[in-house]
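Please consider the following points on the structure shown below.

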Amino acid sequence: MNLSNGWFQNFNFEGSDLKEVDFSNSDLTRANLFNANLRGANLTNADLSSADLEGANLTGADLRYANLFSADLSSADLEGANLTGADL
């Protein structure tokens, strides 16, 4: 699913299956992604500042150059995720 260049500030995606979704260049500031399945998702250049990613499955996700400043990554699975250039 292509949701690139989208505006999702404060959206509630809690527990959603977002496997392989393209969120590249999207604004997900303060989005609720608690326990969301983002396996293989494209989050390149996405703004995830202050997003709740607690317990999210980010296995194999592309987070290159993503803004993760103040994001909650507690218990998130980042195995195989690409964090090149990401702002942590």
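1. A residue is called buried under 20% relative accessible area, exposed over 50%, and partly exposed in between (1.4 Å probe, protein chains only). The model is predicted: local features need pLDDT of at least 70 and side-chain atom pairs pLDDT 80 or more, while totals for chains, interfaces and linings use all residues. Residues are numbered from 1 along each chain as its sequence is written, and side-chain values use heavy atoms, without hydrogens and water.

2. The whole structure has 1 salt bridge. Asp-62 and Arg-64 form a salt bridge, with their closest N and O atoms 2.7 Å apart. Asp-62 is buried at 18% relative accessible area, whereas Arg-64 is partly exposed at 32%.

3. There are 5 aromatic pairs (ring centres of Phe, Tyr or the six-membered ring of Trp within 6.5 Å; planes under 30 degrees apart are stacked, over 60 edge-to-face, the rest tilted). The rings of Phe-8 and Phe-11 have centres 5.3 Å apart and planes at 90°, so they are edge-to-face. Phe-8 is buried at 12%, and Phe-11 is partly exposed at 36%. Ring pairs join Phe-8, Phe-11, Phe-13 and Phe-23 into a cluster.

Definitions and conventions. A salt bridge is a side-chain nitrogen of Lys or Arg within 4 Å of a carboxyl oxygen of Asp or Glu.
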